[in-house]
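Dear colleague,

Please find below the sequence and structure that I am handing over to you. My notes on what was found follow directly after.

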Amino acid sequence: MKISLTWLRDYIALDTSVEEISRAITFLGFEVESVHTTGAPQLSSVVVGEILTRVKIPNPKKEISLCTVDVGPAGGVKTIVCGAPNCDPGRRVPVALPGAVLPGDFKITQSKKYGHESQGMMCGPDEIGLPPGNGLLVLDGQPALGTPINDVLPPGDTVFDIEITPNRPDCLSHLGIARELAAWFRQPLVYPQEKFRGPEEGAARSDLLNAVRVEAPEDCPLYTAHTIAGVKIGPSPAWLQERLRAVGLRPINNVVDVGNYVMLETGQPLHAFDARKLGGGQIVVRRAVDGEKMVTLDGKERALNRRMLVIADAARPVVIAGIMGGENSGVSEDTTNLVLECALFKRQSVRWTSRRLGLSSDSSYRYERGVDPHSTLEAAWRAIDLILETAGGHVVGPVHQVGGDVPWKREIVVTHDFIRERLGFDIPAADMKAALESLELHVVREEPTPERGIAWTVSIP
């Protein structure tokens, strides 16, 4: 699991070194497989330039252009030979001037190329240490000409690649790791605050979703669906794209990106439907029919059987529950009304279906190990807040909820002496209690015992 340090700092004030954080994660019981940084390295003599003119140079093998580029105070107008397809006038791009050294020890000099003098190089993202793209890196906005490129690009991030053991599904999220680190460093844990608590009064649109039915409650103890009308699908804001890229996900659009973001933040998978693609305005959580088929988002047709749980509309399956959505119901550029699913699925059911189909996803990875049965609605509300922020729209009723939280009340009685004996060294009882509380293992009762010291009754979340 990849964890972003910038992201972690939303929930805990981590002002210590990367090495100390890595050491803490290791001592908390997780293997840090690698630590790497994102973003461009510090680059000298690479500045913002604007393409003024473009003239194509005849060449039988590839498209070559001769451009004039204004780099402002850094050197005025330069002539640069470029082979990128998008070196169009008016675009502002990174320009490496003679003397610059790019990643890979690539030195920029003034030289003759294709019969023309080239006084530098316009750069694509991979040439300045960013993830590859198609052609030149076109800079957003209108950064001042001649500005050093590191002043324009977003700051980099530090990413920890952590091996999470199967018994710790609570740590398959940024909040889960932040909780552990907050306890380790004795810092408060700050949860994101959800603003949404229900649709506006009178805002009902039963024409978008009129019914939700769960026919297999043993495999789906809780299913929730919220409807959001009037959204505008488009690119996510830069901050959201940067966070997803840092942990290895490709941004797609604002709604899909919010679903991935909330899953990586809380550990709860979500799925968004285009409301108009749900036949009959219905959602039915049911078992598949033997021989039933659907095409999943990866473009492959899947043959289903009656042990597999699916999310269907009135006519056909549209999602393999907990694993992957279908091509026929997903969000597209012209989507205006959404249905947001947030649900609990039995881990054994998801695991069996995933193995049988040879199909896994970030969603199934979490469901197979177990998601928090008491934070489903909070995750949905968090996603709704972000969708309204990034895609607009408004929530309309009714809110559909079938089932409820999985009953969970587990308490363990443990004594101070029991823990101390097994550790082999002493920790004051007050410190032990504080450590339990910081991990949200709440001490609901404390009483002395004549033989074993203080006994705590601990409620397990």
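A cavity, as the word is used here, is a set of grid points where a 1.4 Å probe fits but cannot get out, and its lining residues are those with an atom within 4 Å of a point. Please bear in mind that this is a predicted model.

The largest cavity holds about 30 Å³ of space. Its lining is made up of Leu 309, Ile 320, Ala 321, Ser 349, Val 350 and Thr 353. Helix H6 (residues 347-357) supplies the largest share of this lining, namely three residues. Sorted by class, four of the lining residues are nonpolar and two are polar, while no charged residues take part.

Open space

The second largest pocket contains about 1,000 Å³ of space. A total of 30 residues line this pocket, and those nearest its centre are Leu 130, Leu 137, Pro 154, Glu 242 and Arg 245. Here the largest share of the lining comes from helix H4 (residues 238-246), which contributes seven residues.

Helices H2 and H3

The axes of helix H2 (residues 18-27) and helix H3 (residues 174-185) come within 10 Å of each other and cross at roughly 100°. Because angles of 65 to 115 degrees count as roughly perpendicular, H2 is described as roughly perpendicular to H3. On the H2 side, the residues in contact are Glu 20, Ile 21, Arg 23, Ala 24, Ile 25 and Phe 27; on the H3 side, they are Leu 181, Trp 184 and Phe 185. By class, this contact has seven nonpolar and two charged residues, with no polar ones.

Salt bridges

How many salt bridges does the structure hold? There are 28 salt bridges in the structure. One that also involves helix H3 joins the side chains of Arg 179 and Glu 440, with 3.3 Å from N to O. Arg 179 lies in helix H3, whereas Glu 440 lies in the loop between helix H10 (429-438) and strand S25 (442-449), so this pair ties together parts that are 261 residues apart in sequence.

With kind regards

Key: Residues numbered from 1 in each chain as written. Predicted model: local features only at pLDDT ≥ 70, side-chain atom pairs only at ≥ 80, totals over all residues. Heavy atoms only, no water. 1 Å grid on protein atoms, 1.4 Å probe; cavity = no way out; pocket = protein on both sides within 12 Å on 5 of 7 lines; lining within 4 Å. Points joined across faces, edges and corners; volume = space filled by probe spheres on them. Helix = DSSP H or I, 4+ residues; strand = E, 2+ residues; numbered from the N terminus. Axes fitted to C-alpha atoms, helices over the stretch in contact; angles between N-to-C directions. Parallel < 35°, antiparallel > 145°, perpendicular 65-115°, else oblique. Contact = heavy atoms within 4.5 Å. Nonpolar A, V, L, I, M, F, W, Y, C, P; charged D, E, K, R; others polar. Salt bridge = Lys/Arg side-chain N within 4 Å of Asp/Glu carboxyl O.
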